[in-house]
Amino acid sequence: MMDEDLAHYAVSEAIRLGFEYAEARLQMDRAIMVGMTNGLHDVPVSAESVGIGIRGIYRGAMGFVSTNSLGRDSVADALKRLRKTLEVVSSTGKGERIRLSDEEVLTANWSADERTRFEDLDLDQLSKSLKDFDRIASASQKIKQRVIRLRASLQLKYLVTSEGTIVRSRVPRFLLMGFLTAYDSSDIAQRFVELGGSGGPEVLERIHVAERFKEEVETIDKIVGRRASIKEGKYDVIVGPEVAGIMAHESIGHPFEADRIRGREGAQGGESYVRDLESPVIGSKEAFISDDPTIPFSYGFFLFDEEGVKARKKELVKEGKINELLHNRETAGEMGIKSNASARASSYAVEPIIRMSNTFVEPGSWSLDEMLREVNDGIFIKSFMEWNIDDRRLNQRYVGFEVYRIENHELKEPVKGTIIETTTPNLWGRLYARSRDLEFVAATCGKGDPEQGVPVWTGGPYLLFKDLPIKVR
Amino acid sequence: MLAERIKSMIEKHVDQYSIVEIAGEENIVRFYNGRFSIAAGGIGRFVQVLATKGRKKAFKLITNIAHLEEEAEDLLRTLDRVEEGDVPEIYPRTSYRSLEISDKELDIEGSIEKTSYSIDEAYEAGADRVAGILKLYRTDYRLITSTGNEKDEQRTDYIYYIRAFKGNGSGFGNVVSTSIRRFDPAQVSRQAASDAKSSESPRSMPEGRYSIILAPPISAAIFELISSMCSAYSIDSGFSFMKDRLGQSVAPAFLSITDHGQIEDGVNSRSFDDEGAPTATNTLIEKGVFRSVIHNSTTAKRWGSKTTGNAGVIEPSPWNVVVSGGDSSLDEMIKEVKEGVLITNNWYTRFNNYRTGEFSTIVRDAALYIKNGEIAYPVANIRLSDSLPRLLSSIRLMSRDTRWVKWWGEVVTPVKSPYVLVDGSTLTVP
């Protein structure tokens, strides 16, 4: 589908125009989204985005240009415009001197496993699946408003660098999004559900999306209208994998992005507490947090990044200590180390920047029952709705959705409005135990300007925190 | 023209269509630590097509312009196979009025020079370091509909924001303009540096209920949420606390919120929507009363109403929001506060419940504690935890002055917003 010669031409033309380094990425994203709102079909939306993004270093400064006019003249014209802009930047005396890390020059082809190819996707089947999900939600006695969307997508990329690296890739993805509003007497509750992965439509079965969605709907019927209040105070708190995942993503993954630490995202997502840390210890010895793009069928799956560096698991935190940051070639070059392949771009039209993939708390050795036996007076927060964190990634909040009281080592009544609002060191410092489980949910992680939403998984096991402060809304 | 080519490929096979061709040029320069980190540009041409046939509908975004025929065939194939249901109505034959609010061409060199100067000014005003972005857009639109409507128009946008850091403090500045003539980044960069200095050694404060003064960046974020919740789709789908409040008082009697399809420095201005309806000026909240719901043709039909020119084929949404009705100065507002906080910016707003409006947002950049009508000292590590209906009805004062706000992540729809004094808001600390 894509004229791969054009990428080679773009790189050679950039070098001819005086760029010291160039990479060209042909990228095609196709997506179809079907949806229903309150049982009525929304307009189905199909979109494809095909173009070339070219990044290069000119007089030491980084530039990026993109076009969806895929001819040699258009590419040459785009590069000349970029060079002109970089000359204006250079004339201000404020151009940066970029040094990329040295990496292996390689040729690679990679793809996500798929049984049914995206090209063979049956729209009728997609519509049928959508109606099945809508039927699950409509069976609820309490859900009165519902939005269900199913999104199938395909991403093809062809990367060439002036150093000789060539990487070709193919990743289809599937995602279910549900937004459910339930009413019972004076209790109004809302829940977002996002489940998905990489692969053909069969990935929805592989990660048990229908069963998990049904469980969410049944939970709503079970707890809405029955949620009691609790007193604010310190409790032993067990959180579910969904909560563990958002904690890992927000308070470890983002602040470990090396571009944030250097200040490059200072006006957008912000900087990072890592910039000011005096000690590498950020949690108890139970804190093990990783980011791994190579997990098969994961929503954040990739095997080579957008700079052509081979992907691998990154162990960000081990035994409560910082072990490794997330790097691209620019930050690795700055620090004199190798990149760990964290550069991603959401479309051909945006520069690759440092991103997470699948970020999670590593499983431990406990069972959930063993954790409950450890808790005399506590709270079990299985899932969440509201959350946020400050721009240095220290002050964070997670408001529970499915929450139960724990008394005398047993789960009791559902409770409402419980809030974990604490600092990153206090949170991870109070981590006492991790279960053997490992579950993920899908999310679209935002970063950069222009905004780049990239698919990720967040997850983990059940976690037990000791004496965690709990607030009530 | 791509629009005409698509039209010729589909018109015999569909009942209705609305085709919008968009040709855009984007120029971006990002900076941090006083240096330009990247210059980025993009040139793109794409087409969005809404088509209906019988009781079927489909929407397609096409950038694969080298394979238009395949894409058109794909659209027609989709249209044949989708489920039946309500279909949008393409707007009948009409005329559009395009206001002259943009430049003919982007002034890229002039904008970069102004940005470079703004960085120098921020350091001159005492910043330790700065980060920010300059974004320039030139967009050409062409509309063709099955009802005989045609329209061409062009827009230019200049968007800039900066964050200045000093010690543990920071300040924020934002410029939003449709013309280089009104684009003055140095003025806001100096203010950002001044706010960074005034907040460089923040103290902690106790959790509790306070009067808060929201500066335009955070008041814009709040009013953007409120205006988007006036959309019929938001109300129907559970994304709004405005359900069942049409015609009711939701805010003090001096406050009005108006959506403008076109307005000077409204960088989201357009004379037509995605269904070919002319955009308009709609007062959503008039003197405190929820007066108008935002519609596309589909939601209008469901509500027994008429489109307001805000399509979005699935979700109708506001274009450019203006908040009006205040008559105070900032100094007068500060004098009115016995104990509270002046909040200059926010970030990361998330809802526990859109239907009830319960949310929290992180207080970002300079926040200044006010005691007995005077600014006492900077504070940090706080979060605004409130509900939108409570906050809206607890506005006591607003400033005469308003400012356009649009920046990364928090304010996507441009909002021209005042300073706002709100009583009884909860501020929490970790």
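In this predicted model, the contact between the two chains draws 72 residues from chain B and 68 residues from chain A. On the side of chain B that touches chain A, strand 2 (residues 35–53) gives the largest share, 12 residues. By class, that side of chain B holds 32 nonpolar, 23 polar and 17 charged residues.

Chain B was then examined as a whole. It contains 9 helices and 17 strands. Its C-alpha atoms fill a box of roughly 70 × 50 × 35 Å along the principal axes. The radius of gyration of chain B is 23 Å, and this agrees with the value near 22 Å that a compact globule of 430 residues would have. Of the 430 residues in chain B, 62% are buried. Among contacts in chain B with a separation of 6 or more, 73% join residues 24 or more positions apart.

In one pair, helix 1 (residues 2–10) of chain B meets helix 2 (residues 68–81) of chain B. Their axes come within 10 Å and cross at roughly 50 degrees. Angles under 35 degrees count as roughly parallel, and 65 to 115 as roughly perpendicular. Helix 1 and helix 2 of chain B are therefore oblique to each other. Their crossing is right-handed. Helix 1 of chain B contributes Leu2(B), Arg5(B), Ile6(B), Met9(B) and Ile10(B) to the contact. Helix 2 of chain B supplies Leu68(B), Glu69(B), Ala72(B), Leu75(B) and Leu76(B). The contact of these two helices comprises 8 nonpolar and 2 charged residues, with no polar ones.

The other pair is helix 3 (residues 108–124) and helix 4 (residues 185–198) of chain B. These helices pack at an angle of about 25 degrees, and their axes are 8 Å apart. Helix 3 and helix 4 of chain B are therefore roughly parallel to each other. Here, too, a right-handed crossing is found. From helix 3 of chain B, the residues in contact are Lys114(B), Thr115(B), Tyr117(B), Ser118(B), Ile119(B), Glu121(B) and Ala122(B). They meet Pro185(B), Ala186(B), Ser189(B), Arg190(B), Ala192(B) and Ala193(B) in helix 4 of chain B. This contact of helix 3 with helix 4 of chain B divides into 7 nonpolar, 3 polar and 3 charged residues.

Most residues other than glycine have a negative phi, and most peptide bonds are trans. In chain A, a cis peptide bond joins Asp449(A) and Pro450(A), with omega about 5 degrees. Pro450(A) sits in the loop between strand 23 (439–447) and strand 24 (452–460) of chain A. In chain B, the peptide bond from Ala311(B) to Gly312(B) is cis, and its omega is near 15 degrees. Gly312(B) belongs to the loop between helix 7 (297–303) and strand 11 (320–324) of chain B.

Positive phi values occur at Ser185(A) and Phe297(A), neither of which is a glycine. For Ser185(A), phi is about 45 degrees. This serine lies in the loop between strand 7 (166–184) and strand 8 (187–198) of chain A. Ser185(A) is exposed, because 8 other C-beta atoms lie within 10 Å. For Phe297(A), phi is near 70 degrees. Phe297(A) is placed in the loop between strand 10 (289–291) and strand 11 (314–318) of chain A. With 19 C-beta neighbours inside 10 Å, Phe297(A) counts as partly exposed, since a buried residue needs 20 or more.

How values were computed. Residues are numbered from 1 along each chain as its sequence is written. Chains are lettered from A and ligands numbered from 1 in the order in which they are written. This is a predicted model: local features need pLDDT of at least 70, side-chain atom pairs count only at pLDDT 80 or more; totals for chains, interfaces and linings use all residues. Axes are lines fitted to C-alpha atoms, for helices over the stretch in contact, and angles run from 0 to 180 degrees between N-to-C directions. Helices (H or I, at least four residues) and strands (E, at least two) are DSSP runs, numbered from the N terminus. Angles under 35 degrees count as roughly parallel, over 145 as roughly antiparallel, 65 to 115 as roughly perpendicular and the rest as oblique. A crossing is left-handed if the near helix is turned anticlockwise from the far one by less than a right angle, and right-handed if clockwise. Two residues are in contact if their C-beta atoms, placed from the backbone, lie within 7 Å. Ala, Val, Leu, Ile, Met, Phe, Trp, Tyr, Cys and Pro count as nonpolar, Asp, Glu, Lys and Arg as charged, and the others, Gly among them, as polar. The radius of gyration is taken over C-alpha atoms; the globule rule is 2.2 Å times the number of residues to the power 0.38. A residue is buried if 20 or more other C-beta atoms lie within 10 Å of its own, exposed if 12 or fewer, and partly exposed in between; C-beta atoms are placed from the backbone.
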